[in-house]
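Please read the following report alongside the sequence and the coordinates.

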Amino acid sequence: MERLKSNSKSGYMGTEPIIRLIIKFALPSILGMLAHSLYNIVDRIFVGHYVGPDGLAATILCFPYMMLTFALSIMPGAGGGALISIALGEQKKPRAEKVLGNGLFMAFVASLIMSVTGYNYAASIIQMSGGSGAIGVMAEGYFNIIVIGVPISTCAFAMSGYIRAQGSPKYAMGALICGALCNIVLDAVFVVYFGWGVRGAAIATVLSQFISFIWSSSFFVFKIGELRVHFVNFIPAPSIILRIFMLGLSPAITESAFALFMFLCNRALSFHGGDLAISAMGIFMGWDSLLFLPVLGIGEAVQPLFGYNYGALLFRRVEAALKTAITLACGYFLFSAFVVCFFTEFMIRMFTNDQELINIAVVGMRISYAGVIFVGITIVTNSYIQGIGRARLSIFLTFCRHLLFLFPAILIFPKYWGLTGVWASFPVVDLCGGALSVILLLYLHFKNKREGTVD
């Protein structure tokens, strides 16, 4: 039987029409994720025009390790956010506050380890990613500054997930937009006016992340949401830590695997195409973050709806949210694929005027983005599985997707097709991951049908 809703601040997630909730949560989340992507794209636009192709290559060499740190911020953010949504749906506020404290503890400890490790082994990390010579030195200077801000950015990202889980997506969006706008202004000051090059871009990014952190912290300091921060809840509770870890492990594995993929990708690009190919990847990843993250925003937006309504036994609402989110995600990717196909050169010229680099990037971007529509299914499926607390199934999906598709593609294709093989790895992974997600959704649908939780 479907559980009735209380008058709590988050209760509207179980009563308002699904499409209205999707829009209410998705639009702020999409705008927030777009703002977040501007950190990368704005840095690369300024670096590309005021430092040159070598500067672009330097920033992309740092990208794999920063993806690893992002994976660690996703684990407590996604795992803790899902648990908070479920606990609020079950009307268990004290448990939700305990999850909040333990999640922030996890985020700080993990990010501090990554920050110290990255700073102490910067040269080795850049070399492993394919950096050498003058570009390697430039990348190391950028990297040493960026890793200092890792604890700040990780805790800010985790808090954004907890803010959304309480039904306040607009506030979470505000933190990201504020940071992105500050990053644009500071890039102009440090890179253009002072001429500090890639180091200036790194300083601008760290300062902007600190501003986002202050914004997110104010939500809890001024007691805007339903949950309160109690220092006693920072004491690790093994059962909660394990649950957060299990629910956040799937997206963390996804980002970690992609980081390793980028390590291998940069090495293959360096071998088959040299520094210009690495620069082309930097341009592609800049646009990819801008075009890709809105669907991640949809996934993040609907996860609290999945969790709350599942915890409240409102299973029909869960299924309705799933169908709507998949439609929105795939529809957006279909539109963005059209834009990339017909406006590729214009998009790349925003980063550089080097014609040789433009030629390489145009081909690479069109090939890499060819299978993107299938990613919409994968992202929403992951959010759905995490939202309903199916940690093992989420880990299974992620493990299969990367072990069976991602690494074989980047290890095998370049051997036969050279630089084209590197670009072709992306659509192959997208297609196979989407197919696997459809199979899992069908499995869960028929399982729920047998159990009587759907019509």
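Cys-330 is buried, its relative accessible area being 17%, where buried stands for under 20% relative accessible area, exposed for over 50% and partly exposed for what lies in between, with a 1.4 Å probe and protein chains only. The closest cysteine sulfur to that of Cys-330 belongs to Cys-432 and lies 16 Å away, which is too far for a bond, since a disulfide is a pair of cysteine sulfur atoms within 2.5 Å. By this rule the count comes to 0 disulfides. Cys-182 is likewise in no disulfide, and the nearest cysteine sulfur, that of Cys-178, is 4.4 Å from its own; Cys-182 is partly exposed, at a relative accessible area of 21%.

This is a predicted model, in which local features need pLDDT of at least 70 and side-chain atom pairs count only at pLDDT 80 or more, whereas totals for chains, interfaces and linings use all residues. Residues are numbered from 1 along each chain as its sequence is written, and side-chain values use heavy atoms, with hydrogens and water left out.

The relative accessible areas of several residues discussed here are collected below.

| Residue | Relative accessible area | Class |
|---|---|---|
| Leu-112 | 39% | partly exposed |
| Ser-217 | 17% | buried |
| Ser-208 | 0% | buried |

Leu-112 is found in helix 3 (residues 93-120), helices being DSSP runs of H or I with at least four residues, numbered from the N terminus. Together with Phe-105, Phe-108, Val-109, Ile-113 and Val-116, Leu-112 forms a nonpolar patch on the surface, with about 490 Å² of accessible area in total.

Helix 8 (residues 197-221) contains Ser-217, and Ser-208 is found in helix 8 as well. The side chain of Ser-208 reaches the backbone nitrogen of Asn-183 at 3.0 Å. Ser-217 and Ala-175 are separated by 42 residues in sequence, while their C-alpha atoms are 9.5 Å apart in space.

Helix 6 (residues 150-165) has 16 residues and reaches 23 Å from its first C-alpha to its last, close to the 22 Å expected at 1.5 Å a residue, where the expected span is 1.5 Å times one less than the number of residues. Helix 6 is mostly covered, with 14 of its 16 residues buried, and just after helix 6, Gly-167 takes a positive phi of about 85°.

Terms used
Patches are made of residues with over 30% relative accessible area and no salt bridge: like charges are joined within 9 Å, nonpolar side chains (Val, Leu, Ile, Met, Phe, Trp, Tyr) within 5 Å. Accessible areas come from the Shrake-Rupley method with a 1.4 Å probe; for residues, only the protein chains shown count as cover. A salt bridge is a side-chain nitrogen of Lys or Arg within 4 Å of a carboxyl oxygen of Asp or Glu. Helices (H or I, at least four residues) and strands (E, at least two) are DSSP runs, numbered from the N terminus. A polar contact is a pair of N or O atoms within 3.5 Å; within protein, one must be able to donate a hydrogen and the other to accept it, and residues adjacent in sequence count only if both atoms are side-chain atoms.
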